[in-house]
Amino acid sequence: MALKIVKGSIDRMFDKNLQDLVRGIRNHKEDEAKYISTCIDEIKQELKQDNIAVKANAVCKLTYLQMLGYDVSWAAFNIVEVMSSSKFTYKRIGYLAASQCFHESTDVIMLTTNQIRKDLSSPNQYDTGVALTGLSCFVTPDLARDLANDIMTLMSHTKPYIRKKAVLIMYKVFLKYPESLRPAFPRLKEKLEDPDPGVQSAAVNVICELARRNPKNYLSLAPLFFKLMTSSTNNWVLIKIIKLFGALTPLEPRLGKKLIEPLTNLIHRIYLFFSQILHHLSAITLVCFSWLIAFLFFITVLISLSSGMPNHSASIQLCVQKLRILIEDSDQNLKYLGLLAMSKILKTHPKSVQSHKDLILQCLDDKDESIRLRALDLLYGMVSKKNLMEIVKKLMLHVDKAEGTTYRDELLTKIIDICSQSNYQYITNFEWYISILVELTRLEGTRHGHLIASQMLDVAIRVKAIRVFAVAQMATLLDNAHMLTGNTQRNGICEVLYAAAWICGEFSEHLENPMETLEAMLRPKVATLPGHIQAVYVQNAAKLFATVLKSQEGNTDSTTAQEASQLMIDRLPLFVQSANLEVQERASCILQLVKYIQKLQQKDVEVSEEVCALFAGELNPVAPKAQKKVPIPDGLDLDAWINEPPSESESEDEQPKAIFSKEEPKHSRPRHTEVDEKELARRREARKQEQANNPFYIKASPSSQKVYQETPGVEHIPVVQIDLSVPLKVPGLPMSDQYVKLEEERRQKERAEKKKKDKKKRKEKRSGRGKKHDSGPESEEDITPAHMVDIVTEEMPENALPSDDDERDPADPHKALDIDLDKPLADSEKLPVRSHRAAEVLKSPAEDEEGENVSSLEPKKKSSKEKREKKKDKDKDRKVKMLFESGLSEAKSSKHKKKKQKREKEDKEKKKKKKHHHHHHHHGDKGGEESVQNGTVEEEEPLPAYDIQGNLQDGSQVVVSVIFENKCDSFLKSMEFNVLDSLNSKLQRPEGSGPHDSLTIPFQLPPGVSNEARFVFTVQSIIMPQKLKGTLTFIVKNEESSTHEKLDFKLHFTCTSYLITTPCYSDAFAKLLESGDLKSSSIRLEGVNMPFHHLLARICFHHHFSVVERIDSCASMYSRSIQGHHVCLLVKISSQTVSVDAKCDEPTLLGNVLDEIKQTFSQC
Amino acid sequence: MIKFLLMVNQQGQTRLSRYFEPVELNRRAAQEAAVVRCCLSRNKEQCSFVEYQDFKLVYRQYAALYVVVGVSHTENELSIFELIQNFVEVLDRYFSRVRLNQIMFHLDSVHIILDEMIQNGHIVETNKNRILAPLTAINKMADG
């Protein structure tokens, strides 16, 4: 039976493709989730099959399911398998799935490096294309580093399609691996002049995107872009370039002058075009979007021009007029775009937009929220001292009318933005502003309570003149706190009470009746507020108490003071029991303090002074960036440990403690849900008491009381008082409208007075007419603030560092790309060329000795052994690159002895077979030679060693390619390369030459130049690693002399370098293991402290293996030697021990490979 | 920069989605639903541009198909608006009168078209012939 089911499902799975899945999902509307879960089970089955077509089909379906929101990360490894299929149709599916499902933290990405590299170098341009496109979706810093060089090569591909894609992906590579920008930039620059327009526009795209963020580094490209701008006919490219110039001109004023002419032409061209079209079209419809595009393009041009250019006010005026037509149009899209363009013009030409205020205000009434929001944006830039009150009044009306909290919240923030912009520049009357803020508190359900609160605090602290008024307002607010808290929906707004309480407390000397406010702050209802607000209440109640005592000082009748103490003592216990630690702590401190004071009072001791001293001193506003700008004093190292960090074992011991203390600091914003039973009971009690005391409370009928007790969950919803949701006037609060009227009157009066004065003046002095503002509408400067307002600036630390206001978001990836591109490339700046990942090669002592044994003229070499292969590459030759660098400089005084700086980098590659080239790098450290001169020893710093990469061609040949780099200031010529042949490996020499003859290198090296030469080696047996010693001789020639020099090196052929990555499917793998031809061996690695996938990636990478299958912490891997030996590994990890069981048909080879693997891991 | 492109039907079911910035799966579903709801709830008298949290939505309706694009605030709305039109025209040409079914059944082709038009979240190609050229070549290759 079960078999039947299995069989049936197997039958089905073969013919269910994406179409069937889509249809199936559609036919199972009722139980979609169930259907999909069976589908996923089927897909899991399919993925277990060895047939790649079935797998690809499964992955294709997974891509669809992923799109529907199902998690398919479990199939990541299968996706990689499909990606590595040799058939394009499947590969494409794999890459598509990868681009959809992979992201930076997907760990299997590490395994794809070599696959992607292979695809990038594929002869089929669509393989390359699909790899590039996929890569742009999931590139990680590691991939970017490893592949940067390959992609850079592709930028010069013969096919424009590939060039274009490569240029575009470079942008992502720069973002992930900023070091690549400088080495790659020259080539990117070349692409600006690519014959193919697609490539060209891609390059413009990338460079403009980079330059937009860091314009100053791209100034040197201005001439090139200038040329492009005058020659290009592609509008999008033009827009990009013009935008770029917009960013560049402020940095280089001369540019602006140069640009005038071509841009004027351009404007003229477009202007003609668009005025013609406009002429023919009476009604603009969406159909003629090309018109619109041209028009908006025109505006873009104008705006970018205006930053560094002479005025185009006439054309701007015209633009604005045309925009008005757009905005008045009935088509909503046009209206939106018109407003958008208008807001762009507003930034540079506020004056020309301001005259259309009526239109903008009209748009606020639009039924479409998007349009209203755009109009709001415009308003922000249109306010002036003169019209601020009027505009805000309009907005307040809208607030009242607005439906939907989002829009209302948006209005609220806009009002506050508009008013507070540029340090309250446009506010002439702060009393008005405070009353606006107070009015805003009546908004229901706003999320922006704390925004209002922070504005209140800011104004009260910074505008000293307003404090009396503000305190009075806040006291009223506190008194009417129930209006704000009465409705649970209004919870966001209760933040305002925080500000109110603090202002009343801090500036309590301005309070008319502190006693009343004190009473208001200690009402039992306060206990329902969020904890952080209660804490402020308690603290400020203490401040108020101090003020009350002070006001009663010297008063013979001490009843008021005593009443105050009694009030505190009566009410504070409520807070002492608070669940919030902050509230509790403050309340109990203050309670004890007041009890003590009461005792003193009863003995008629004057205490007010001492109590006031508790809160003496003024708090000044501190600028938000002040802390950052404090200069670091000399000799202070912020990175140094103050105490050495405890060792790990210690911290483990302390763990229980840590857990305990972790639980503590959660008290800052407790939620009501944390309240325990006891607390609930207490609150219930308190509430009952409160209800009893509250004459307005409608007592629940007995029956409802029962229900109430049966549902404890509802209990912390404050019992509803009669809620009048109609906007109530908070009694006693003045309305902002009154201020508008008052202000108007005041201004009129002022104007009248001024006129009088002016008249007088004119009488006195006729020449006084020159005064700017004697007639006509009042100008900005005329409006005097209602109060003499002193806006306290926020404090900055003394000797603050010079402002760096353009600080960007540290998370912005472009920050890392702020790189000087004009500096010549340094030697160290190379894209990693498939090299050893690290130069931190371990040096075995034996080798060091070896190095030192070489005569002092030869640079020391280290590390032949430690070449580690970094990348597995499949089908390339093996080259040995030898980066040879010799810096020779003659010592000034002694001629016979030279101080030489030689470095050599050898990159070796071995290879067999003819066609493929595979890089193999060795890093060889060469200490420079030592030379004793005047008693000093100069030693060359070790170089990053040499790299190997290898690959197979035929079973007996290895090609070694060597890069020679001249690092000195002299000319190198007559270079000859020789290697001491061993029995096993021989350097192939031209026919007719003897077995020990040197090969002449067919080039010379001027200073600073590098070049590459290749040598072919014949290898007999590959089962043992070996080293070949060699010598390079050359002539160093400089102005004075030429000397003969010699450099020894070693080429190291590891067994690993004879392996080539070969994919293997699990069925073939299983057969291989079963065949019984293989000998086995195993090693154990202790203390490997890395995640398993890293471990696998490392083996793949360094030793040219590929993963066949991975199940949890166990994986099988495969590789093949150039002579066809199979090498199979089974890697398991448990805790920190890795066991590698290996099988191979050649035990010696296996032993050596395992040794090399072991060494790789002993080094990390 | 373009953050994502969605194709949804009138019932709000996603027919194609493409993200140019990785979004966490759980969040994505919720966000997608909210975005789609936001667009579908708008009537024809409202404009095609909506502000949604920290990004903007540009959408167009073609019969039962909605194309919704989420972009960052720096992106030009009009160019995206035109991109959608262009994209649909390309699909129309490729499928010779596109229907929703075709989009679903040939997801990979649609994705290739998108890849040609948008990379790194930026518009990179608008010419219809150039967009379709690789796809036709690939199809030929797969057939042959």
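# A walk through chains A and B

Start by selecting chain B: it exposes about 5800 Å², and carbon and sulfur atoms supply 47% of that (accessible areas come from the Shrake-Rupley method with a 1.4 Å probe, and for residues only the protein chains shown count as cover). Before you click on, know that this is a predicted model, where local features need pLDDT of at least 70, side-chain atom pairs count only at pLDDT 80 or more, and totals for chains, interfaces and linings use all residues. Residues are numbered from 1 along each chain as its sequence is written, chains are lettered from A and ligands numbered from 1 in the order in which they are written, and side-chain values use heavy atoms, with hydrogens and water left out.

**Stop 1: chain B**

Switch to a cartoon view of chain B. You'll find five helices and seven strands (helices, H or I with at least four residues, and strands, E with at least two, are DSSP runs numbered from the N terminus). Trace chain B from the N terminus and the elements go β-β-α-β-β-β-α-α-α-β-β-α. Of the 144 residues in chain B, 60% are buried (buried is under 20% relative accessible area, exposed is over 50%, partly exposed is in between, with a 1.4 Å probe and protein chains only). Now think about contacts (heavy atoms within 4.5 Å). Among those in chain B between residues at least 6 apart in sequence, 49% join residues at least 24 apart.

**Stop 2: where the chains meet**

Bring chain A back. The contact takes 54 residues from chain A and 46 residues from chain B. Together the two chains bury about 4600 Å², with 55% of it from carbon and sulfur atoms (buried area is the accessible area, 1.4 Å probe, that two parts lose on being put together, summed over both). Pick out M67(A), R92(A) and Y126(A): they supply 14% of the area that chain A buries against chain B, more than any other three residues.

How many salt bridges does the rule find across the interface of chain A and chain B? There are six (a salt bridge is a side-chain nitrogen of Lys or Arg within 4 Å of a carboxyl oxygen of Asp or Glu). Polar contacts between chain A and chain B come to 16 residue pairs, both at pLDDT 80 or more (a polar contact is a pair of N or O atoms within 3.5 Å; within protein, one must be able to donate a hydrogen and the other to accept it, and residues adjacent in sequence count only if both atoms are side-chain atoms).

Next, select helix α10 (residues 160-176) of chain A, which gives the most to the side of chain A that touches chain B, with seven residues. That side of chain A divides into 27 nonpolar, 15 polar and 12 charged residues (Ala, Val, Leu, Ile, Met, Phe, Trp, Tyr, Cys and Pro count as nonpolar, Asp, Glu, Lys and Arg as charged, and the others, Gly among them, as polar).

**Stop 3: salt bridges up close**

Over all chains, the count comes to 36 salt bridges. Zoom in on R92(A) and D108(B), whose closest N and O atoms are 2.9 Å apart in a salt bridge. This pair crosses between chains, from helix α6 (residues 88-101) of chain A to helix α4 (residues 107-117) of chain B. Both R92(A) and D108(B) are buried.

Now click E125(B). Its salt bridge with K164(A) has the closest N and O atoms 3.1 Å apart, and the side chains of E125(B) and R130(B) also meet in a salt bridge (3.2 Å, N to O). Is E125(B) buried or exposed? E125(B) counts as buried because its relative accessibility is 8%, whereas R130(B) is partly exposed, at 32%.

**Stop 4: inside chain A**

Select N78(A), in helix α5 (residues 76-83) of chain A. N78(A) is buried because its relative accessible area is 15%. Leaving out residues up to four places away in sequence, N78(A) touches L47(A) and V59(A).

Move on to T517(A), in helix α29 (residues 514-521) of chain A. T517(A) counts as buried, at 6% relative accessibility. Show its neighbours, again without residues up to four places away in sequence: T517(A) touches A475(A), L478(A), C504(A), L511(A) and L544(A).

Finish at helix α11 (residues 181-190) of chain A, whose buried residues are L181(A), R182(A), P183(A), A184(A), F185(A) and L188(A). What covers them includes α9 (141-154), α10 and α12 (197-213) of chain A.
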